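Try each task on the structure before reading its solution.

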Amino acid sequence: MPKQAPPSIVRDIMSHDCYRVTGSTSVSTLAEGLSQHRLPGAPVVDQSDHLIGFISEQDVLGKVIESLYLDHEAPLVSDLMRNEVLSVSPTKSIVDLAQEMLGAKPKVYPVAEQGRLVGIVTRRDVLNAILMMRRHQRSA
């Protein structure tokens, strides 16, 4: 029985059913979702699932603390999100993405195809794929 080839492109390792929010999501709801899904950030989409931004724990932490002290509702995601989003194509090489992730790049990348969100890929996903590639290489 032939061995299965290790994953080689982002589509092979991305999460298709990913946590996402809209600009009208409250920062409190976002924070709960990030905690529940154990993610450092989430893509922001419009009603048609077009990628319009990204928001991270770091972007919201101060506002959540402020709302706690001042006892008021935290702002909306649209008030704090980054509009310039680093996203990747589902056909991008995992090795190329791993090289990009070596620096101070995000830990989570939205995966977009024709502007629409189709998934996310994390540093952990990339690391696991690289380890699979290495094991496959050694056993060949």
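**Exercise 1.** Find the length of helix H6 and compare it with the expected span.

Solution. Helix H6 covers residues 123–139, which makes 17 residues. From first C-alpha to last, H6 reaches 24 Å, close to the 24 Å expected at 1.5 Å a residue. The expected span is 1.5 Å times one less than the number of residues. Helices here are DSSP runs of H or I with at least four residues, strands are runs of E with at least two, and both are numbered from the N terminus.

This is a predicted model: local features need pLDDT of at least 70, side-chain atom pairs count only at pLDDT 80 or more, and totals for chains, interfaces and linings use all residues. Residues are numbered from 1 along each chain as its sequence is written, and side-chain values use heavy atoms, without hydrogens and water.

**Exercise 2.** Sort out the buried and exposed sides of H6.

Solution. Buried means under 20% relative accessible area, exposed over 50%, and partly exposed in between (1.4 Å probe, protein chains only). Val 126, Ala 129 and Met 133 are the buried residues of H6. They span an arc of only 65 degrees around the axis, so they sit on the same side of H6. The arc is taken from the directions from the helix axis to the C-beta atoms. The face turned away carries exposed Arg 124, Leu 127, Arg 135 and Arg 138.
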